[in-house]
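Please open the structure in your viewer and keep the selection panel at hand. The tour below goes from one selection to the next and tells you what is there.

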Amino acid sequence: GTQIHYEESVGSTQKIAHHLANEDAPEGTVIIAEEQLSGRGRMDRKWHSPKYTGVWMSVILRPNIPPPKAPQLTLITAVAVVQAIEELTGLSPQIKWPNDILINGKKVTGILTELQADADRIISIIIGIGINVNQQIEDYPDEIKNIATSLSIESGKKLQRAELVKLLLHKFENLYLLYLEKGFYPIKLLWESCAISIGKTITARTITGSIHGKALGITEDGVLMIEDEAGKVHHVYSADIEL
Ligand code: BTN
């Protein structure tokens, strides 16, 4: 049973989701807004969320998994977004670990996964999804013009955001149920089939420093493995990736 909270204008759907999660909102609760006045991205960045142009939503999940496996949910979400975009537009988006979805090398979707957890138990996972849908290139602020795109720019069409949301929730539910039943392995295969960085030489900028080397793939927990020039394999939990 999905509960959908629809709002015209909010600060951040992510913030509302945290609040609802603290008030025992059930798994599957969705918060979606036409506009966010202070949309948030990873690493304290802003997420530009202008009115009526994109899909700005957060989903509350309560999986019974240990906290270190939480990154898997980001990857499940990324696969669901790719499938929904493919079905709506015929475009073939690619995933840049962990959570960026690109079309023609430019970012069309960001995913922000936040955890409320005890030492050994997840209380809730809040997954924020921002999809640029009907923006035109002139709508973007200068500093992101070269790195951001929208489904409309890439497909040359105006798209139905409600249709995209419907597809996305449907794809997500199927993948999430598959994951709960069969574990992460089938998702890992789907994820790897649309990932761009695997097998390539990349630089991962983490808060403690940079790691340069070949992206080998992801572990069963959804953690990125990078082999540096000395042959040492690093496990990267959170970083910005440069190709
Ligand atoms: C990123 O790429 O840095 C993640 C961006 C996540 C944006 C979404 S939009 C809906 C939800 N509410 C927010 O404030 N952020 C996420």
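Begin by selecting Thr 113, which stands opposite Ile 127 in β7. This is a predicted model, in which local features need pLDDT of at least 70 and side-chain atom pairs count only at pLDDT 80 or more, while totals for chains, interfaces and linings use all residues. Residues are numbered from 1 along each chain as its sequence is written. Helices (H or I, at least four residues) and strands (E, at least two) are DSSP runs, numbered from the N terminus.

Now extend the selection to the whole of β6 (106–117) and β7 (122–132). These two strands run antiparallel and are joined by 9 bridges; two strands are said to pair if DSSP finds at least two bridges between them.

## The sheet

Next, show the open sheet of 7 strands, whose order is β1-β2-β3-β7-β6-β5-β4 and whose pairing is mixed. The edges are taken by β1 (4–10) and β4, each of which has a single partner strand, so one side of each is left without a neighbour in the sheet. Neighbouring strands of this sheet are turned by 20° against each other on average, direction ignored; the axes behind this value are lines fitted to C-alpha atoms, for helices over the stretch in contact, and angles run from 0 to 180 degrees between N-to-C directions.

Strands of a sheet pair through backbone hydrogen bonds, either parallel or antiparallel.

## Strand β3

Select β3 (54–61). With β2, strand β3 pairs in the antiparallel sense over 4 bridges, and the bridge partner of Ala 33 in β3 is Trp 56. With β7, strand β3 also runs antiparallel, here joined by 8 bridges, and Gly 54 has Asn 132 as its bridge partner in β7.

Is β3 mostly covered or left open? It is mostly covered, as 8 of its 8 residues are buried, where buried means that 20 or more other C-beta atoms lie within 10 Å of a residue's own, exposed means 12 or fewer, partly exposed lies in between, and C-beta atoms are placed from the backbone. In a regular strand the side chains alternate between the two faces of the sheet. Colour Gly 54, Trp 56, Ser 58 and Ile 60 for one side of β3, and Val 55, Met 57, Val 59 and Leu 61 for the other, and you have both covered faces, with all of these residues buried.

## Around the ligand

Move to the ligand and select the 21 residues around it, of which Ser 12, Gly 41, Gly 110, Gly 128 and Gly 130 come nearest; a residue is near a molecule or strand if its C-beta atom, placed from the backbone, lies within 6 Å of it. The elements that give two or more residues to this shell are α1 (13–22), β3, β6 and β7. By class, the shell has 6 nonpolar, 11 polar and 4 charged residues, where Ala, Val, Leu, Ile, Met, Phe, Trp, Tyr, Cys and Pro count as nonpolar, Asp, Glu, Lys and Arg as charged, and the others, Gly among them, as polar.

Select Asp 44, found in the loop between β2 (30–36) and β3. Its phi is near 60°, a positive value in a residue other than glycine, and Asp 44 counts as exposed because it has 6 C-beta neighbours inside 10 Å.

Go on to Asn 104, in the loop between β5 and β6. Asn 104 also has a positive phi, of about 50°, although it is not a glycine, and with 12 C-beta neighbours inside 10 Å it counts as exposed.

The peptide bond from Trp 97 to Pro 98 is cis, with omega near 0°.

## Two domains

Finally, colour domain 1 (4–193) and domain 2 (201–242) separately; these bounds come from an automatic or database domain assignment. The contact takes 12 residues from domain 1 and 9 residues from domain 2, two residues being in contact if their C-beta atoms, placed from the backbone, lie within 7 Å. On the side of domain 1 that touches domain 2, α2 (71–89) and α5 (185–193) each supply at least two residues, and the largest share, 4 residues, comes from α2.
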